[in-house]
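Dear colleague,

My notes on it follow directly after.

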Amino acid sequence: MRRKTNGLINNTKLRLPPSKLRNRIDPRSLPPAKDYSKHRTHIIGQDRAIQALELGLRLESPGYNVYISGPSGSGRTTTAKHIIKTFKQPRRPLRDYVYIYNFQEPDRPKLLVMNPGGAVRLKKSMEGLVKTIKRELPRAMASEACQKERDRIISDYQRKEHELVSVFKEKVQESNFMVVEVQSGPITEHDVLPVFDGEPQPMAALEQRVQKGSLTSSRFQQIARKHQQLRTDLEQVQRRTRNMAREMVVNLEEIDRRTGSKIIDSMIDEMRSQFKDPSVDDFLEEVSEALRDRIPAIARREEQEQNQEDAEVLADASAQPDPLAPFKVNILLNNERRRVCPVVYEHTPTVTRLFGTIEQITDGLGRIELDFMSIRTGSLMRADGGFLVVKAEDLLAEPGTWKGLKQTLSTGLMEIRPPEGPMSMITSALKPDPIPL
């Protein structure tokens, strides 16, 4: 019994001698040291927790994720790494992810999911296509047959324009008028003016003649009516010449398209034989149509870039959007060389590092651009087919990451957005296709 003495409890009978405070083990009773190396983890005495962890990691159904709790220094991370190493093969077939240009909706880049190695082959094929077009298109257009056809169309236009203008000038001369050029700021315009004393005179000068009495009012009114009629005829002539010029440009561009289509069709057919993916085949069909539409713009740009002596032409070419820019391939994830289960340890789980972002790129003129080539992936995608390991306390400390991770794991789809917050300069209009994980 314990006795109470002076308000204190006497624990004399409960005390242990120092010899009882140490557990002495006979070393001969312990198993050989090599038996400890066979233990499946670095934690001793946590068999139930280890079994739960192994079960959770092997469950592949959606919604099964693992949360490990324990005191700091208990070996949580070490145990997780040790068990994850036992997964040699990827949990699911690995895939490549690429973003491509959406020719129907440019602000919604398309996602292609391909077999490992397909992303690199598609990117190299598209780069080869662009190089071939830039090299072969000017050569084909410089051929003798193509130049003869272009010269024929230009000559036909010049002949028709000359006939139309000549007939109008004869009519103007018969009326004692003359076609003159009038400078209006940086623009040069044409007008018809009456001829007096062998020189064309503006209508304001004739009004002064009327005031001075050297020209009768009735004669001035007659000249004014004729002037108005000839100006109307001049506008009609100018409208017809513009229409003929547009028709000539259309015909010249049609020649360019026919010439360039032969090169495009040959390259696209070769690329189709390399890919047996329906989504890639649809993309190549869109590429073929878009390239045909851009052949005149490509030809003009190549002609301007070849004329390196004209600085103004080069500056104008650089200011115009590159017609071949949409034919690039943005590889988000390349699993061509990966053979083992992906395991990603994210030590800084910010929104950008976890889910990716859309980078803001500044061009040579200081303008901010956002396109499908600015999309960057994060650690969550790099862990696709394997495991993502992150500390929960770090995850909860970053604004938006916990909510975004729950939403992604719930839907199985990851959305890449531009960075938000006060440091973000602009709001992106890009809405890339969500990524299935």
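At roughly what angle do the axes of helix α5 and helix α7 cross? The axes of α5 (residues 144-174) and α7 (residues 217-274) cross at roughly 175° and come within 10 Å. The two helices are therefore roughly antiparallel to each other (an angle over 145 degrees, on a scale from 0 to 180 between N-to-C directions of lines fitted to C-alpha atoms, for helices over the stretch in contact). Helices here are DSSP runs of H or I with at least four residues, and strands are E runs of at least two, numbered from the N terminus.

This is a predicted model, in which local features need pLDDT of at least 70 and side-chain atom pairs pLDDT 80 or more, while totals for chains, interfaces and linings use all residues. Residues are numbered from 1 along each chain as its sequence is written, and side-chain values use heavy atoms, without hydrogens and water.

The count of salt bridges (a side-chain nitrogen of Lys or Arg within 4 Å of a carboxyl oxygen of Asp or Glu) comes to 26. One of them joins Asp265 to Arg292, with the closest N and O atoms 2.2 Å apart. Asp265 lies in α7 and Arg292 in helix α8 (residues 278-306), so this pair ties together parts that are 27 residues apart in sequence. Another links Asp322 with Arg301 at 3.7 Å. Arg301 is buried, at 14% relative accessible area, whereas Asp322 is partly exposed at 34% (buried is under 20%, exposed over 50%, partly exposed in between; 1.4 Å probe, protein chains only).

Yours sincerely

How values were computed. Parallel < 35°, antiparallel > 145°, perpendicular 65-115°, else oblique.
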